[in-house]
Amino acid sequence: VVARDNQTGKSVSIHAAVTVLCAGPWLPEILQLSSRRATCPGFQPALAMNVVLKKALPLQRATGLTTSGRGVGGGRLLFFVPWRGRTVVGTYYRPYTGPADALAVSGQDLSLFLEDIRRAYPGAAIGPGDIAMVHAGLLPSQGVAAGGEPEVMKHYQVIDHAARDGIAGLVSVLGVKYTTARDVARRALAVCGRELRRQPVPVAFKPLPGGDVTELRLTVRAAAGSGIEPDIAEHLIHNYGSVCERILALGREDRGLLQRVGEGVPVIGAEVVHAARHEMALTLGDAVLRRTDLGSAGCPAASTLECCAALMGRELQWDARRISGEVRAVQSHAPWACLPSR
């Protein structure tokens, strides 16, 4: 594989006996780069969208409500899920055509989805100004069902191109749900093992990172004795499990890193520093959207972003111009920039 480093512009050659291609909706595009014809999983991409509401609806637990009338697909099921003091509603689907890089939620998508939400739960009177964030992505579908809505694939695929196409050393993986990820990995490793003539290492009972229960008991005690507030301790244990000791260790080096990065949020400065030092975060967006959960329910306050950018800048030697540019980039990010109220 010849890859280009987007940070430096340099090219790098990567050699491997087996390449596992896990590119999601980009899978067909990448397989076409091969000089030999490779079987591509038969799927059509579908846009899938959930919205995070700014308020919590009066629901004690996740609730499924059906729409009425014509709606999007007519009479379909929507889920209203209490989450972090807010409510997540989903899911809206439509067929998608075009490059995966060009995915965007349109005003029409939001209008149709809001219309269905109001039909399912008219008493909530949800409008465009009630949306804090849009979660959107591409899922593999098997075509369009009778009601005009995509029929989302239910099962993942692992393709051994050596057996299927005579292309040794290439395996393609097409996933559907996060809940099947471990089984997908197990099957993909089994295919790699055949290619390499090796027995895969048994991992069925190996804890995932942060999931060692024995260590977690010690971690809970360490968090309780660290002097941080209870909601911060609970947040760290929930998000990092038995590896949250690494976050606490940063706070012991610099007590200021145990402070919240913004009013009313449990995320602390040590998490941002940890993201830069140990989780390969290179931008403020990496830290806010993909390493911590700061941006998971809506755009953080400007003061919060500025605090995080300053911490990232200290770790990565950013100047003032770069710091302000990183803040603007997060504020213009798609999950909230597409909202009509912004």
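Residues are numbered from 1 along each chain as its sequence is written, and side-chain values use heavy atoms, leaving out hydrogens and water. Because the model is predicted, local features need pLDDT of at least 70 and side-chain atom pairs count only at pLDDT 80 or more, while totals for chains, interfaces and linings use all residues.

**Exercise 1. Find where L59 sits, and decide whether L59 is buried or exposed.**

Step 1: Look along the chain. L59 belongs to the loop between β4 (44–53) and β5 (63–66); strands here are DSSP runs of E with at least two residues, helices are runs of H or I with at least four, and both are numbered from the N terminus.

Step 2: Check the surface. L59 has a relative accessible area of 18%, so L59 is buried (buried is under 20%, exposed over 50%, partly exposed in between, using a 1.4 Å probe and protein chains only).

Step 3: List the neighbours. Not counting residues up to four places away in sequence, L59 touches F80, P82 and Y121, where contact means heavy atoms within 4.5 Å.

**Exercise 2. How many aromatic pairs does the structure hold, and what is their geometry?**

Step 1: Search everything. The whole structure gives 2 aromatic pairs (ring centres of Phe, Tyr or the six-membered ring of Trp within 6.5 Å; planes under 30 degrees apart are stacked, over 60 edge-to-face, the rest tilted).

Step 2: Take F80 and Y121. Their ring centres are 5.6 Å apart and their planes stand at 70 degrees, so this pair is edge-to-face. F80 lies in strand β6 (residues 77–83) and Y121 in the loop between α2 (107–120) and β8 (131–144), so the pair ties together parts 41 residues apart in sequence. F80 is buried at 0% relative accessible area, and Y121 is buried at 18%.

Step 3: Take Y92 and F113. The centres are 5.6 Å apart with planes at 40 degrees, so the pair is tilted. Y92 is in strand β7 (residues 86–95) and F113 in helix α2, 21 residues apart. Both Y92 and F113 are buried.

**Exercise 3. How many disulfides are there, and how far is C299 from the nearest cysteine sulfur?**

Step 1: Search for pairs of cysteine sulfur atoms within 2.5 Å. The search finds 0 disulfides.

Step 2: The nearest cysteine sulfur, that of C308, is 11 Å away. C299 is partly exposed, with a relative accessible area of 26%.

Step 3: C308 is buried, at 1% relative accessible area.
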